[in-house]
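Here are some friendly notes to read alongside the structure. Take the points in any order you like, with the view open beside you.

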Protein chains: 2
Amino acid sequence: MHRFNRRKFLQFTGMAGTSLLLPGNGTAAPVPSFEFDEIGLSKWELETPSLCLELEVMESNLKKVHQNLQGTGIGVRPHIKTHKTPALARMQLEAGAVGVCAAKLSESEAMLENGIPNVLMTGVNVSPGKIKKAMDLRKKHPGFIQAVDNPENAADLQEAAKAAGIIAEVVVDLDVINRSGVPTGKPALALAQQVDRSPNLHFMGILAYDGGAQHVKGYGPRKARTERTFEPVVATYESLIISGLNVEIFSGAGTGTYDMMGIVPGFTDVQVGSYLFMDAQYMAIGSKENEALYDDFDPSLTVMTTVINTNHPNRLVTDSGAKAFTINKPSGIVIGEPDFTYNAGSDEYGTVTYNQANREYRVGDKLEVIVPHCDPVVNLYDRIYGIRRGKVETILPVLARGMSR
Amino acid sequence: MHRFNRRKFLQFTGMAGTSLLLPGNGTAAPVPSFEFDEIGLSKWELETPSLCLELEVMESNLKKVHQNLQGTGIGVRPHIKTHKTPALARMQLEAGAVGVCAAKLSESEAMLENGIPNVLMTGVNVSPGKIKKAMDLRKKHPGFIQAVDNPENAADLQEAAKAAGIIAEVVVDLDVINRSGVPTGKPALALAQQVDRSPNLHFMGILAYDGGAQHVKGYGPRKARTERTFEPVVATYESLIISGLNVEIFSGAGTGTYDMMGIVPGFTDVQVGSYLFMDAQYMAIGSKENEALYDDFDPSLTVMTTVINTNHPNRLVTDSGAKAFTINKPSGIVIGEPDFTYNAGSDEYGTVTYNQANREYRVGDKLEVIVPHCDPVVNLYDRIYGIRRGKVETILPVLARGMSR
């Protein structure tokens with residue numbers, strides 16, 4: 001059995017010559033078990049569970065989001081919380097993204113330290129340790145933009161930026177779903193003005209992400225909700241403009257609402273993430289033209305699983321449970337078997353139940369399953385197999401996996 | 001900022017001098033971002049989310065399972081699918097375990113290659129690649145025991161063991177909950193006899209794990225179910241004995257049923273996993289003496305989280321959502337705040353709602369939260385902070401994290 005070596009891995013990932021350093025230590029990417037002699041294998045030959053990405057479908061999604069927004073003046077700033085993979089962020093930038101978003105500091109670091117120069121961190125840093133680290137990162141990477149959502153935190157950022165000897169770019173996160181963010185209206189204006197006045201902070205604009213709108217079923221209801229949500233956001237934006245602030249960034253929206261933002265004056269870019277992969281959750285929300293299936297983008301991300309037990313009628317047991325799929329609903333979709341229901345409720349085992357199967361299944365047969373919810377599923381895997389014409393073309397290390405800090 | 005280095009890491013983990021090699025490549029453990037100058041910090045100073053283990057509570061649980069089984073003649077073979085951490089497996093062996101169980105082949109490899117000599121893999125290997133790899137592992141590690149649950153697979157194992165030039169130890173997995181396993185009764189007896197006849201396989205015994213019984217609420221109903229489930233298992237066991245087979249291993253049960261197995265003749269060991277950590281799910285099942293709270297073992301595993309937003313009354317937003325906690329129910333339990341409900345339904349954010357709080361919370365304050373379901377939560381983290389008297393004493397690398405193959 002051939003063992004993995006670093007040079008070969010670099011070559012496999014197509015990243016030789018670019019930085020593959022792990023943030024903070026200088027060793028190669030975390031490498032899970034099993035051989036790396038997998039380039040060129042059929043996806044059906046991979047040991048399972050394996051996370052697979054149909055490259056042609058992904059590349060088509062990558063282009064479509066730009067095509068669909070053409071002429072709107074709205075840019076794309078993909079959220080890498082979905083894929084946590086610098087190699088995919090690079091493809092997004094090459095396809096025309098204005099930069100990327102990251103949710104967490106450690107995730108931002110993984111991107112910045114692996115060749116992604118423009119990262120907007122949508123979450124806030126509130127601990128002294130994270131704030132200091134964020135400023136150190138900004139010192140090293142001028143394309144790093146931070147968020148703030150309260151006045152005390154803005155004061156802390158100012159102090160830390162001053163201590164680091166930099167002027168740090170900052171956006172103000174607006175509260176749209178009672179989660180993160182400063183209340184819209186006067187508090188938001190006051191905070192933006194505070195940032196703008198802070199000598200070591202550079203006010204860049206606002207964030208307004210309605211996480212709850214993305215999975216509302218039906219294009220009409222989604223749009224109605226978005227219009228409602230953005231009413232106070234737009235009023236806030238206008239008050240900022242009137243007060244003379246320069247709002248370079250007005251960012252928000254996701255895969256469910258990316259094509260509705262033309263209604264929002266001053267809006268600059270959408271933070272789409274799932275569009276690259278799609279999943280059972282997004283497929284269920286319906287699109288403008290198709291109420292039953294959201295088909296603006298096509299599913300590219302699947303988990304290959306193996307049937308390990310066929311002893312019971314109308315039931316297959318697989319080797320892929322909650323640790324391979326999460327327990328998100330709707331559950332995974334078995335490709336080619338519309339009557340199959342995939343239950344990933346057990347940690348280690350999947351159970352498929354059905355009334356009708358298109359073929360007979362035996363122990364060792366494999367199933368390809370569209371993931372329930374792409375973000376947390378990707379966060380279970382150290383690598384993604386890039387598949388083209390049925391074969392492994394590349395292996396993408398998920399370098400920000402587990403980076404929730 | 002000081003950077004991590006390998007020597008320091010080894011020293012931190014208390015594993016210097018023992019093997020910390022990652023299976024398959026010879027580099028150090030996968031090291032996530034952030035500094036490693038965390039030994040000696042208060043757990044309240046850790047950046048969040050952080051997975052923390054109260055060492056004294058864990059050590060007490062480690063002993064209790066043996067104390068509670070004293071005089072029963074039943075041994076303990078802990079299931080490492082729960083912790084995926086060789087350092088914890090070593091403590092379990094030192095506390096008197098007869099060996100450990102692992103669910104998957106890559107997980108078994110991570111244990112065997114990191115100094116855990118006795119591993120019983122409870123899942124089956126059905127692909128040619130995994131079967132060959134399992135035999136290679138057995139050749140290197142004589143303490144590796146494999147499972148089988150169908151005749152074709154037994155034939156494949158025989159062939160692979162022969163090709164590897166070994167006699168491989170094999171247990172037969174019995175079907176108790178229509179998931180994995182060979183049907184009890186004649187099919188199980190025939191399979192055991194087939195294994196016993198196979199020149200390159202050594203029949204070691206049987207597995208019978210009722211995963212569904214572990215979380216049945218109430219000691220009485222749990223015991224009633226176990227008695228019912230084990231009726232055909234015991235009949236099968238007796239037919240094996242009558243047929244002259246040597247059943248050295250008769251293994252099953254988990255943290256919910258470990259103290260009920262005295263009713264099963266010939267039973268040798270319990271595959272407890274969660275007893276070490278506990279979680280909200282197990283706490284809710286009730287014990288023999290306490291119907292409201294399962295208290296044979298105490299919760300030792302928590303996630304430290306940070307409050308990042310307090311703008312809304314009776315609501316706190318934290319930095320720890322589904323990627324830190326999973327979406328398992330019942331949800332995490334905030335220590336010291338019995339009225340708090342922790343919602344980890346968002347990928348990146350947690351939301352606490354309450355009517356009554358024991359103190360006022362501000363942005364930057366931390367919450368310590370007992371995990372919903374320990375196994376999949378541990379599988380999200382690369383390391384566990386070992387805490388004693390409130391401070392970080394050690395950092396345990398979760399070397400089998402993500403090893404679901």
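Predicted model: local features only at pLDDT ≥ 70, side-chain atom pairs only at ≥ 80, totals over all residues.

1. Between chain B and chain A the count is 6 salt bridges, along with 38 residue pairs in polar contact.

2. Which parts of chain B supply the side that touches chain A? At least two residues each come from the helices α4 (105–112), α5 (128–140) and α11 (374–378), and from the strands β4 (119–124), β10 (301–309), β11 (315–318) and β16 (383–388). The residues on this side of chain B divide into 25 nonpolar, 25 polar and 24 charged.

3. As for the extent of the interface, 74 residues of chain B are in contact with 74 residues of chain A. The area buried between the chains is about 6,200 Å², and carbon and sulfur atoms give 49% of that.

4. How are the two copies related? Chain B superposes on chain A by a rotation of 180° with 0.0 Å of shift along the axis, at an RMSD of 0.0 Å. That is the relation of a two-fold axis. The copies meet through the same surface, because 100% of the interface residues of chain B are also interface residues in chain A.

5. Please look next at the salt bridge within chain A between Glu348(A) and Lys323(A), whose closest N and O atoms are 2.7 Å apart. The pair links distant parts of the chain: Glu348(A) sits in the loop between β13 (341–343) and β14 (350–353), Lys323(A) in helix α10 (residues 322–325), and they are 25 residues apart. Both Glu348(A) and Lys323(A) are buried.

6. Arg401(A) and Asp382(A) also pair through their side chains, at 3.5 Å from N to O. Here Arg401(A) belongs to the segment after β17 and Asp382(A) to the loop between α11 (374–378) and β16, 19 residues apart. Arg401(A) counts as buried because its relative accessibility is 4%, and Asp382(A) counts as buried at 16%.

7. In chain B, Glu348(B) and Lys323(B) form a salt bridge at 2.7 Å, N to O. A network of salt bridges that share partners joins Asp382(A), Arg401(A), Asp382(B) and Arg401(B).

8. Helix α3 (residues 86–94) of chain A has Pro86(A), Ala87(A), Leu88(A), Ala89(A) and Gln92(A) buried. What do these buried residues pack against? Their partners in chain A are β1 (50–54), α2 (55–69), β3 (100–102), α4 (105–112), β16 (383–388) and β17 (391–397). Just after α3(A), Gly96(A) takes a positive phi of about 120°.

9. Gln194(A) is in helix α7 (residues 186–197) of chain A and counts as buried, at 17% relative accessibility. A polar atom of the Gln194(A) side chain lies 2.9 Å from the backbone oxygen of Pro151(A). Beyond neighbours within four places in sequence, Gln194(A) is in contact with Pro151(A), Ala154(A) and Ala155(A).

10. Finally, Val247(A) is found in the loop between α8 (219–242) and β8 (249–252). Is Val247(A) buried or exposed? Val247(A) is buried, with a relative accessible area of 11%. Leaving aside neighbours within four places in sequence, its contacts include Phe203(A), Met204(A), Tyr237(A) and Leu240(A).

Terms used:
Residues numbered from 1 in each chain as written. Chains lettered and ligands numbered in written order. Heavy atoms only, no water. Contact = heavy atoms within 4.5 Å. Buried area = accessible area lost by both parts, 1.4 Å probe. Salt bridge = Lys/Arg side-chain N within 4 Å of Asp/Glu carboxyl O. Polar contact = N/O pair within 3.5 Å; in protein donor to acceptor, adjacent residues only side chain to side chain. Helix = DSSP H or I, 4+ residues; strand = E, 2+ residues; numbered from the N terminus. Nonpolar A, V, L, I, M, F, W, Y, C, P; charged D, E, K, R; others polar. Least-squares fit on C-alpha atoms with pLDDT ≥ 70 in both. Buried < 20%, exposed > 50% of the residue type's maximum accessible area, 1.4 Å probe, protein only.
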